[in-house]
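Reader: I am new to reading structures. Please take one part and walk me through it closely. I would like to look at the charged side chains that pair up.

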Amino acid sequence: MPVTRPPTMRTIGFLVLSLPIRLAAFVLILVTMLVGVATTMLWIGIPVLLVATSLMYSYCAFERRWAHRMLGVTIAEPVRRRPVGPGMLAVWQARLLDTATWREFAFVLIAFPLGIVEFVAGVVSTAVPPFGIFVAPRIGTMHGELATSFLGPNRTAQLEARTQQLRNSRARGVDAVEAERRRIERDLHDGAQQRLVSVAMSLGRAQLKLDLDDPTAVRELIGAAHADAKLAVSELRDLARGIYPPVLQDRGLDAALSSLTARMPIPIEVEVTVEPRPPAPVETTTYFIVSETLTNVTKHSGADRASVRVTRDDDTVVVEITDNGHGGASMRPGGGLAGLADRAATIDGVLTVVSPVGGPTVVRADLPVRW
């Protein structure tokens, strides 16, 4: 993932303040490592080297947090080799054979001389504003890319993590589709099917009454059948609208969500900015998430107003549903919000819920437009 341009003032602070930290880490880790190597033949070097690598791990973890705070760079933890057995020697062997250990050690070695250069650049940035405005952020960007390559997971680990993510996404997608199929079957069985059975029974009884020459009873039975038929058509229309409303295909998310919220019993503000129009799977998932979330809001949250905001950048559609209810919502296994998360996962999306007790509740979905 490319590193974005960091804020100017934070970058200057990062360049100036990092030098003493790197100097202390360089001296402490290098001295401890050299002492451990020199005394390895006496066995005491093993615990010393473990201390050295532990110090190095701690410093690199700090560097990840520091870069994230000051430069806005998110660096994931590398995947580390696990010891094959118990004991101090097994731990050291695992660290010795771990490529992440040596990449982090290389970063410690170059971080100090690099820090000197960056410190000078930071001082110049404070004295020469144009340098700080135009050059310092580029230095911060390059540092972020360098730190990511040394302190983050290697390419193999990234591909393995991505593969596992896709496996999980596929499994959750299959579960979500199966749950949706069962819901449709249940709605058909409990709704339209029962109505149509009632229509058939009413018409059958009307036929019998017709044979008995009872026009009043026939008229009542046909009227009841007609009412049940209209209810069945309405329920089938609602079911089809819940799967994929025609207005979504014809006019897009703005019109579809406006139509959806107009039928809700509480006032809901809608803001949709998704040009250019996202792919159909993203639109369908967005509509489903908004529809199910608003249904939960009106049934369970106690809210008297809510808002829906859908925006898009080059890579992601962001959906935010906010209500002023009593809060306390959470994603429990098998619950409605977990089902929405599974639905988002079918297109590699992520759903998060922030719902403190007392509210407000914010349900957010980040849905990629490419996957």
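Author: A salt bridge is a side-chain nitrogen of Lys or Arg within 4 Å of a carboxyl oxygen of Asp or Glu. Side chains of opposite charge can pair when their charged atoms come close. This model is predicted. It holds nine salt bridges.

Start with arginine 22. Glutamate 63 forms a salt bridge with arginine 22, and their closest N and O atoms are 3.7 Å apart. This pair links distant parts of the chain. Glutamate 63 sits in helix α2, residues 45-71, and arginine 22 in helix α1, residues 8-38. They are 41 residues apart.

Arginine 22 has another partner, glutamate 118. Here the closest N and O atoms are 2.9 Å apart. Glutamate 118 lies in helix α4, residues 99-127, and arginine 22 in helix α1, so the pair ties together parts that are 96 residues apart in sequence.

Are these residues buried or exposed? Buried means under 20% relative accessible area. Arginine 22 has 2%, so it is buried. Glutamate 118 has 4%, so it is buried too. Glutamate 63 is also buried.

Now take arginine 64. Its salt bridge is with glutamate 104, and the closest N and O atoms are 2.5 Å apart. Arginine 64 is in helix α2, glutamate 104 in helix α4, and they are 40 residues apart. Arginine 64 counts as buried because its relative accessibility is 4%. Glutamate 104 counts as buried because its value is 0%.

Back to the shared partners. Salt bridges join Arg22, Glu63 and Glu118 into one network.

Methods:
Residues numbered from 1 in each chain as written. Predicted model: local features only at pLDDT ≥ 70, side-chain atom pairs only at ≥ 80, totals over all residues. Heavy atoms only, no water. Helix = DSSP H or I, 4+ residues; strand = E, 2+ residues; numbered from the N terminus. Buried < 20%, exposed > 50% of the residue type's maximum accessible area, 1.4 Å probe, protein only.
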